[in-house]
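I opened my notebook to write down, entry by entry, what I looked up and what I found. I wanted to begin with the whole and then go down to single residues.

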Protein chains: 2
Amino acid sequence: MKAMVLLLLAALSAAVAAEEPIQPIERPKNVNVAKVELGKQLFFDARLSKSGWISCNSCHNLSRGGTDNLVSSVGHGWAKGPINAPTVLNSSYNIVQFWDGRAADLKAQAGGPIANPGEMASTHELAVKVLQTIPGYVTSFEKVYGKGPVTIDHATDAIAEFERTLVTPDSRFDLWLKGDKHALTAQELAGYELFKVTGCVGCHNGPAVGGATLQRMGSFNPYVTANPSLGVAGLSGQSADRYRFKVPILRNIELTAPYFHDGAAKTLEEAVDTMVWVQLNRHFTPAGRDKIVAFLKTLTGKQPDFPIPQLPPSGPDTPAPQPFDP
Amino acid sequence: MKAMVLLLLAALSAAVAAEEPIQPIERPKNVNVAKVELGKQLFFDARLSKSGWISCNSCHNLSRGGTDNLVSSVGHGWAKGPINAPTVLNSSYNIVQFWDGRAADLKAQAGGPIANPGEMASTHELAVKVLQTIPGYVTSFEKVYGKGPVTIDHATDAIAEFERTLVTPDSRFDLWLKGDKHALTAQELAGYELFKVTGCVGCHNGPAVGGATLQRMGSFNPYVTANPSLGVAGLSGQSADRYRFKVPILRNIELTAPYFHDGAAKTLEEAVDTMVWVQLNRHFTPAGRDKIVAFLKTLTGKQPDFPIPQLPPSGPDTPAPQPFDP
């Protein structure tokens with residue numbers, strides 16, 4: 001009898017969770033382990049940059065919520081980045097990549113910073129030449145992709161496969177979604193209710209609590225910023241796309257300050273106050289805002305916990321890094 | 001009878017190993033685990049720099065033999081470092097720290113780069129203010145050092161404790177030293193013999209195969225370099241100390257190119273050829289030099305294999321990083 005009641009309760013919980021606008025983060029299925037290991041090394045390898053000093057992990061730092069916690073990133077020659085670095089955590093849930101959605105998927109994204117003069121400042125040709133001359137990489141690429149030369153296509157494919165594994169399951173909110181009714185405090189639950197009824201979930205929904213659509217920043221009231229990024233309009237030239245950006249993921253948001261594409265909001269409180277005004281034409285009371293923030297902090301999940309990768313040494317023909325050459 | 005023979009052989013091996021000029025790397029004893037964990041976080045935390053973008057691990061990269069594999073390092077504002085970054089691996093075996101030996105120990109060393117305007121460009125006061133306002137760190141410091149404010153003394157002490165654990169035991173050479181006579185090939189053994197009889201062991205000895213003394217670079221023939229570093233003479237003003245440097249550690253040398261204080265030697269072959277000429281007034285045949293290189297590659301030990309550290313998020317009062325402010 002007790003077992004039946006428990007089964008019934010579990011079924012009810014599952015039914016309730018299925019109706020929630022946010023779903024639990026799940027670990028990816030069918031990952032290619034050898035490809036993930038190769039992609040992990042590439043993600044941490046600064047030899048993909050001209051300087052030999054900037055890696056994917058420099059700006060999407062896996063010790064810091066997948067971000068650099070800067071307003072905008074530092075690039076080659078100490079270039080100032082144009083936009084706040086989005087987190088790589090759970091980024092496989094994004095419908096498109098980059099703030100303006102200009103990359104269709106993680107693989108297309110991965111090739112961008114490598115060749116961006118203000119980021120890693122290499123070229124795809126040079127990056128491939130570097131990888132092709134590192135004996136340890138040649139072995140790994142052959143293991144995953146078969147005999148033949150290393151290509152940028154394979155390198156970005158491996159990075160993307162690694163990034164697919166960068167999910168953060170088992171946040172307290174997910175435990176609650178999955179039926180542990182003691183996982184959240186009364187204040188956190190009240191925050192979640194407020195998050196729903198106020199309309200935040202209109203954009204911040206799905207497993208990643210964002211990332212599923214592109215939306216206009218300032219749909220009700222104008223968002224004022226000195227940052228010149230136009231969002232999708234920078235690609236389309238359409239005025240209707242001005243300030244239209246990929247909705248940021250709210251998973252692990254407590255770790256990824258500062259916030260917004262311009263990095264202007266230093267704290268979660270500031271970010272919530274601004275968003276509810278410009279997007280929803282509302283003001284929270286301080287108590288209401290604190291409830292939302294308490295809820296947001298329940299979205300911090302299990303962080304990546306693999307051993308620091310060991311990179312294969314360069315070979316005699318590997319092009320030397322050029323940090324200071326023009 | 002067989003057991004007795006094996007015991008006798010083991011005893012003989014131990015006796016032989018004890019007479020070798022190089023001893024195995026051993027794991028440190030009596031480390032303070034909580035202090036190591038705190039120091040590990042600090043080692044990876046770029047908030048110890050003014051920019052929030054440079055950590056100890058940026059130049060002493062534990063994915064790359066504890067170095068950055070650059071001729072000289074990149075510092076704040078893309079400053080060009082004056083000297084090749086030495087490996088942090090096994091650095092607890094160094095008699096003194098820095099190329100010129102100006103720091104007595106790892107703790108004294110750790111405070112240097114934080115406050116060096118061309119490296120991390122912070123100040124000890126700012127670094128302490130940052131740590132003191134990060135709630136997760138305050139808890140960790142109190143756990144290790146008791147109640148009271150965070151101090152730079154404690155921060156560098158924790159970093160040094162972590163660095164004590166960065167040893168690389170169980171290289172093939174150490175397995176051989178400990179009695180596994182199949183651990184090395186005939187060529188590698190011949191290289192070790194040549195390393196001894198040529199006199200390389202005069203400076204490169206002890207567990208770290210270096211680090212135990214300061215010696216003049218160019219004791220027989222002048223070492224020609226454009227690098228202005230004077231070595232100990234920069235501190236003492238004595239002409240006898242010109243180009244006197246801490247003897248570099250040869251452990252994991254295959255991972256830490258380029259070589260010498262000026263990073264001028266791109267390959268091990270080049271480094272060996274130069275050293276045997278300027279220090280020992282000799283020339284190796286190519287075959288002899290290749291034997292030495294083969295031996296050197298047996299010194300690569302087990303690399304650090306802990307999970308990537310997770311850093312506590314900043315608090316509301318944590319000073320913002322200033323990557324682009326003057």
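These are my entries, in the order in which I made them.

**Entry 1: the whole chain.** I noted at the start that this is a predicted model. I looked up the secondary structure of chain A and found twelve helices and four strands. The radius of gyration of chain A is 21 Å, close to the 20 Å that the globule rule gives for 326 residues, so I wrote down that chain A is as compact as a globular protein of that length. Along the principal axes, the C-alpha atoms of chain A fill a box of roughly 65 × 55 × 30 Å. I also looked up burial, and 48% of the 326 residues in chain A are buried. Of the contacts in chain A with a separation of 6 or more, 70% are between residues 24 or more positions apart.

**Entry 2: the domains.** How is chain A divided? I found domain 1, which covers 33–164, and domain 2, which covers 172–299. The centres of these two domains of chain A, taken over C-alpha atoms, are separated by 27 Å. In the contact between them, 21 residues come from domain 1 of chain A and 26 residues from domain 2 of chain A. I sorted the domain 1 side of this contact by class and have nine nonpolar, nine polar and three charged residues for it.

**Entry 3: the two chains together.** For the interface, I found 35 residues of chain A in contact with 35 residues of chain B. The chain A side of it divides into 20 nonpolar, nine polar and six charged residues. Because 100% of the interface residues of chain A are also interface residues in chain B, the copies meet through the same surface.

**Entry 4: two helices of chain A.** Which residues of helix 4 (residues 106–115) of chain A are buried? They are A:Leu106, A:Gln109, A:Ala110, A:Pro113 and A:Ile114. They cover an arc of only 140 degrees around the axis, which puts them on the same side of helix 4 of chain A. I reminded myself that an α-helix has 3.6 residues a turn, so residues three or four places apart point the same way. Among the elements that cover the buried residues of helix 4 of chain A are helix 5 (124–132) and helix 7 (152–164) of chain A.

After helix 6 of chain A comes A:Gly146, with a positive phi near 85 degrees.

**Entry 5: a loop residue of chain B.** Is B:Thr87 buried or exposed? B:Thr87 lies in the loop between strand 2 (79–80) and helix 4 (106–115) of chain B. It has 24 C-beta neighbours inside 10 Å, and because the cut-off for a buried residue is 20 or more, B:Thr87 counts as buried. Leaving out residues up to four places away in sequence, I listed what B:Thr87 touches, including B:His60, B:Ile249 and B:Thr256. B:Leu250 is 163 residues away from B:Thr87 along the chain, yet their C-alpha atoms are separated by 9.7 Å.

**Entry 6: backbone details.** I found a cis peptide bond from A:Ala257 to A:Pro258, with omega near -5 degrees. A:Pro258 lies in the loop between strand 4 (244–246) and helix 11 (268–280) of chain A. In chain B, a cis peptide bond joins B:Ala257 and B:Pro258, and its omega is about -5 degrees. I also noted A:Asn90, a residue other than glycine whose phi is positive, near 60 degrees.

How values were computed: Residues are numbered from 1 along each chain as its sequence is written. Chains are lettered from A and ligands numbered from 1 in the order in which they are written. This is a predicted model: local features need pLDDT of at least 70, side-chain atom pairs count only at pLDDT 80 or more; totals for chains, interfaces and linings use all residues. Two residues are in contact if their C-beta atoms, placed from the backbone, lie within 7 Å. Domain bounds come from an automatic or database domain assignment. Ala, Val, Leu, Ile, Met, Phe, Trp, Tyr, Cys and Pro count as nonpolar, Asp, Glu, Lys and Arg as charged, and the others, Gly among them, as polar. A residue is buried if 20 or more other C-beta atoms lie within 10 Å of its own, exposed if 12 or fewer, and partly exposed in between; C-beta atoms are placed from the backbone. The arc is that of the directions from the helix axis to the C-beta atoms. The radius of gyration is taken over C-alpha atoms; the globule rule is 2.2 Å times the number of residues to the power 0.38.
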